[in-house]
Amino acid sequence: MKVIPEWRAGHRMWSVRLGIAAALLYGLQPVLPHWQGVLPEWAYAVLASVVAIAGVVARLIPQQPVEQERQRRKPNV
């Protein structure tokens, strides 16, 4: 398995950002019982799922920072 050529620009990719947000949301799941009065459990599940699905969709779309990095690396001919 090889990393993408633009791996150094990974922190600027929306797919990576949304993936991290989804991981954080799912990681907070054990804390949900303490937030029962503030946020319903179903709303939290929907929010985490939407962020995860958005990350997958963002991965399928060409992302501007990656395209800029690719153009920067091309030699001027």
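Val-57 lies in helix 2. The model is predicted: local features need pLDDT of at least 70, side-chain atom pairs count only at pLDDT 80 or more, and totals for chains, interfaces and linings use all residues. Residues are numbered from 1 along each chain as its sequence is written, and side-chain values use heavy atoms, with hydrogens and water left out.

**Exercise 1. Classify Val-57 by its accessibility.**

Step 1. Take the cut-offs: buried is under 20% relative accessible area, exposed is over 50%, and partly exposed is in between (1.4 Å probe, protein chains only).
Step 2. Val-57 has 42% relative accessibility, so it counts as partly exposed.

**Exercise 2. Find the buried and exposed sides of helix 2.**

Step 1. Check the length. Helix 2 has 20 residues and spans 29 Å between its first and last C-alpha, close to the expected 28 Å. The expected span is 1.5 Å times one less than the number of residues. Helices are DSSP runs (H or I, at least four residues), numbered from the N terminus.
Step 2. List the buried residues: Ala-43, Tyr-44, Ala-48, Val-51, Gly-55 and Ala-58.
Step 3. They share one side of helix 2, because their arc around the axis is only 135°. The arc is taken over directions from the helix axis to the C-beta atoms.
Step 4. Turn to the face away from the buried side. Glu-41, Trp-42, Val-50, Ile-53, Val-56 and Leu-60 are exposed there.

**Exercise 3. Name the packing partner of helix 1.**

Step 1. In helix 1 (residues 14-27), Ser-15, Ala-22 and Leu-25 are buried. These residues lie on the same side of helix 1, because they cover an arc of only 90°.
Step 2. Ala-23, Leu-24 and Gly-27 are exposed on the other side.
Step 3. The buried residues of helix 1 pack against helix 2 (41-60).

Methods
Helices (H or I, at least four residues) and strands (E, at least two) are DSSP runs, numbered from the N terminus. Contact means heavy atoms within 4.5 Å.
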